[in-house]
Amino acid sequence: MTTPAHPRRDALTDVEMQDLQARLDALPAPLQPLDLSSLDGFLCGVLLQPRTVPQADWLRHVADVDGNQAPTRVDLAGLHALVLRRHGELRNAIAQRQWFDPWVYELEDEASPSDSVLPWVAGFATAMAFFPQLMQLDSPELVEPLATLYLHIDRDDLEDAEQLLDVMDRLEPPADMTEAVDDLVRCVLLMADVSLPRITPRAARAAGGARRARKARAA
């Protein structure tokens with residue numbers, strides 16, 4: 001796992017991350033759980049949706065990527081508690097547009113940066129498949145960050161994505177792991193500006209004034 005460069009006070013410790021991975025690995029077949037890296041990308045994809053995804057809807061994909069229910073004998077409480085911790089950490093970072101450290105495994109020397117970040121991007125793509133609200137937004141500002149992420153995915157897996165493919169043709173793959181990991185965070189925060197726009201104090205005052213005016217007219 002890459003060493004965190006920007007640790008947060010609410011971040012899971014190394015021991016807690018190992019515990020989380022052990023709990024995922026211990027889930028019985030035929031469940032197909034996400035691993036740490038794909039889980040991290042999945043959570044970012046969930047959090048970027050323009051409308052909040054109900055917790056029960058996305059949490060079921062952690063223990064099984066297709067959302068199949070775990071046997072009743074399987075205790076998921078500890079697993080879910082750790083996942084929700086990471087979800088909250090990422091939610092806060094994205095809401096505040098703060099840098100965060102993606103959970104990315106650094107593979108052997110012969111592996112490319114794309115190989116290392118692919119599980120994270122695959123998790124993100126899984127979230128897009130089950131919760132497509134973000135992809136349905138008609139915003140040109142989403143194209144470049146999405147293309148940057150999907151540059152690591154097999155092009156044959158992208159259907160009806162001509163606009164993304166056109167931009168991907170013009171992009172260069174990351175030169176090293178640092179650039180690849182930085183791209184993940186940069187793209188998440190860029191997409192958040194589109195799907196989760198921040199309300200400035202002036203906009204908030206204007207919205208409040210408009211609400212008061214509507215109430216006054218109604219009275």
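These are my notebook entries on what I looked up in a predicted model of a protein.

**Entry 1: the whole chain**

I started with the elements. The protein has ten helices and zero strands. Read from the N terminus, the order is α-α-α-α-α-α-α-α-α-α.

Next I looked up burial. Of the 219 residues in the protein, 45% are buried. The exposed surface comes to about 12,300 Å², and carbon and sulfur atoms supply 50% of it.

I also checked which parts of the chain meet. I took the contacts between residues at least 6 apart in sequence; 74% of these join residues at least 24 apart.

**Entry 2: helix α2**

I then turned to α2, residues 36-47. This helix has twelve residues. From its first C-alpha to its last α2 reaches 17 Å, close to the 16 Å expected at 1.5 Å a residue.

How many of its residues are buried? Twelve of the twelve are, and α2 is mostly covered. Among them are Leu36, Asp40, Gly41 and Leu47.

What do the buried residues of α2 pack against? I found α1 (14-25), α3 (55-63), α4 (77-95), α5 and α9.

The N-terminal end of α2 has a cap, Asp35. A side-chain oxygen of Asp35 lies 3.2 Å from the backbone nitrogen of Ser37.

**Entry 3: Val46**

Is Val46 buried or exposed? Its relative accessible area is 5%, and the cut-off for buried is under 20%, so Val46 is buried.

I listed its contacts, leaving aside neighbours within four places in sequence. Val46 touches Val53, Trp58, Ala127 and Phe131.

I also looked up a C-alpha separation. Val46 and Phe124 are 78 residues apart along the chain, while their C-alpha atoms are separated by 8.0 Å.

**Entry 4: aromatic rings**

A search of the whole structure gave three aromatic pairs. One that I looked at joins Phe42 and Phe131, with ring centres 6.5 Å apart. Why is this pair called tilted? The planes stand at 55 degrees, which falls between the 30 degree limit for stacked and the 60 degree limit for edge-to-face, so the pair is tilted.

The two partners come from distant parts of the chain, 89 residues apart. Phe42 is in helix α2, and Phe131 is in the loop between α5 (113-130) and α6 (133-136). Both Phe42 and Phe131 are buried.

I noted one aromatic cluster as well, formed by Trp120, Phe124 and Tyr150.

**Entry 5: cysteines**

How many disulfides are there in the whole structure? The search finds zero.

Cys44 has 0% relative accessibility, so Cys44 counts as buried. Cys44 is one of the buried residues of α2. Cys187 also has 0% relative accessibility and therefore counts as buried.

**Entry 6: helix α9**

My last stop was α9, residues 177-195, one of the helices that the buried residues of α2 pack against. Helix α9 has 19 residues. The distance from its first C-alpha to its last is 27 Å, close to the 27 Å expected at 1.5 Å a residue.

Key: Residues are numbered from 1 along each chain as its sequence is written. This is a predicted model: local features need pLDDT of at least 70, side-chain atom pairs count only at pLDDT 80 or more; totals for chains, interfaces and linings use all residues. Side-chain values use heavy atoms; hydrogens and water are left out. A disulfide is a pair of cysteine sulfur atoms within 2.5 Å. Buried means under 20% relative accessible area, exposed over 50%, partly exposed in between (1.4 Å probe, protein chains only). Rings of Phe, Tyr and Trp (its six-membered ring) pair if their centres lie within 6.5 Å; planes under 30 degrees apart count as stacked, over 60 as edge-to-face and the rest as tilted. Helices (H or I, at least four residues) and strands (E, at least two) are DSSP runs, numbered from the N terminus. The expected span of a helix is 1.5 Å times one less than its number of residues. Contact means heavy atoms within 4.5 Å. Accessible areas come from the Shrake-Rupley method with a 1.4 Å probe; for residues, only the protein chains shown count as cover. A polar contact is a pair of N or O atoms within 3.5 Å; within protein, one must be able to donate a hydrogen and the other to accept it, and residues adjacent in sequence count only if both atoms are side-chain atoms.
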